[in-house]
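Dear colleague,

I am passing on the structure we spoke about, and below it you will find my notes on the places where the ligands sit. Please read them with the model open beside you.

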Amino acid sequence: MDIKEVLGCFDFKGELLGIEQFGSGHINTTYLAKYKEDNKISSYVVQKVNTNVFKNIDDLMGNVFAVTSFLRDKIKANGGDPDRETLNYMKTTNGDLYCKAEDGTCYRAYKFVDNSKCCDSVSSAEIFEKSGLAFGRFQKYLSDFPATTLKETIPDFHNTIWRFENEFLPAVKDDKSGRADQCRDEIQFVMDRRNDCRRLTDLSDKGEIPIRVTHNDTKLNNVLFDNDSDEAICVIDLDTVMPGLALYDFGDSIRFGANTCAEDEKDTSKIAIDLDYFKAYAQGFLKEAGESFTQTEKDNLAFSAKLMTFECGMRFLTDYLNGDTYFKTAYPEHNLVRAKDQFALVADMEKHMDEMENIIKAL
Ligand code: ADP
Ligand code: GN1
Ligand code: MG
């Protein structure tokens, strides 16, 4: 189905001015469509959902509609603007939650949040703190969402030991693309940290850390900022909103935003944990979400940053070994570069773990 035909599935008003691919996500294919009616321009985000990653789109879209309608009520109750502070998904003209083409591809649409921007890197501690406030508020608002009604869109998403045993080890063993010899050091780096993989899942299994409704993919470019005020206004990319640990959301934000470099920097000597950014994010996130945190959650915040970075690096390496079937890549070595970047950050966090712990204790 041609993308212009897809537009016909939704009730976009006016004359189409143009549609272009945009954004920098690694999973879905995102387009921005602009329409003009009575001299007013309206923009919509149209996304082709990655059906290789998300196996059950009915479940996925059911979650997304349920969560956004719940958030709308919460935002209104708190005096906010639900048209700017959460995504507004549109049903198709048939009343479906998404549009399914004959070849099985699936598309969905939501209203573009006007006068907003997405950032791919942190430009100041203040900006990062604001993203922490937004993700913390998101978690707080969903604290009384009926979690059992949510479907698990990707089972074991942050079950690090499960990923190690069921994805990483088989990828090394099968060596489907003949790349394992090229990454012996990285494979060893993962093997050496096997024991880290079960720390949070064990605490959760023992009931020492509560299950909450979490976002699970809290990187900086999954939040929108207001163009004028620079406030973080709206959390996007709701595909992985599922029951999880608050620590996953904290750790994943640090992984991406407190790296002194981009996620795919080739010169690993430049990669380090920025402790000022770490502190700023922790302040923002805990201000909104931290009130209900248990002592065990607080005690594991610094570790969760290391674990989420390690897990992501392991996933990039696994995908490289499998022949790049999961994450979008721009060049053949991209996933390996990303894995090396994440492992350099893990190594630097290990050196600074005491400082990270002390920052959290002092908050
Ligand atoms: P993916 O799963 O591919 O990351 P996202 O829903 O995060 O999908 O969208 C991909 C990217 O598109 C985002 O990271 C962002 O760069 C851009 N994007 C999506 N929605 C908006 C929006 N409303 N305003 C600005 N940018 C957006
Ligand atoms: C993907 O979808 P996106 O680009 O926001 C991935 C995350 C990874 C991230 C690494 C559904 O996030 O888990 O941490 O890439 N999302 C999914 O940048 O796998
Ligand atoms: Mg995204």
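A polar contact is taken here as a pair of N or O atoms within 3.5 Å. By that cut-off, a polar side-chain atom of Glu263 makes such a contact with ligand 2, lying 2.5 Å from one of the ligand's oxygen atoms. Please keep in mind throughout that this is a predicted model.

Ligand 2 has two further contacts to note: an oxygen atom of the ligand is 3.1 Å from an N or O atom in the side chain of Asp217, and a polar side-chain atom of Asn222 lies 3.0 Å from an oxygen atom of the ligand. Taken alone, ligand 2 exposes 440 Å², of which the protein buries 97%. Of the 17 residues around ligand 2, those that come nearest are His26, Lys219, Glu263, Arg315 and Tyr326, and by class the shell holds 7 nonpolar, 4 polar and 6 charged residues. Helix H11, residues 301–322, supplies the largest share of that shell, with 3 residues.

The side chain of Tyr110 has an N or O atom 2.5 Å from a nitrogen atom of ligand 1, while the side chain of Gln47 places an N or O atom 2.9 Å from an oxygen atom of the ligand.

With best wishes

Terms used. Residues numbered from 1 in each chain as written. Chains lettered and ligands numbered in written order. Predicted model: local features only at pLDDT ≥ 70, side-chain atom pairs only at ≥ 80, totals over all residues. Heavy atoms only, no water. Polar contact = N/O pair within 3.5 Å; in protein donor to acceptor, adjacent residues only side chain to side chain. Near = heavy atom within 4 Å. Areas by Shrake-Rupley, 256 points an atom, 1.4 Å probe, with all protein chains shown as cover. Helix = DSSP H or I, 4+ residues; strand = E, 2+ residues; numbered from the N terminus. Nonpolar A, V, L, I, M, F, W, Y, C, P; charged D, E, K, R; others polar.
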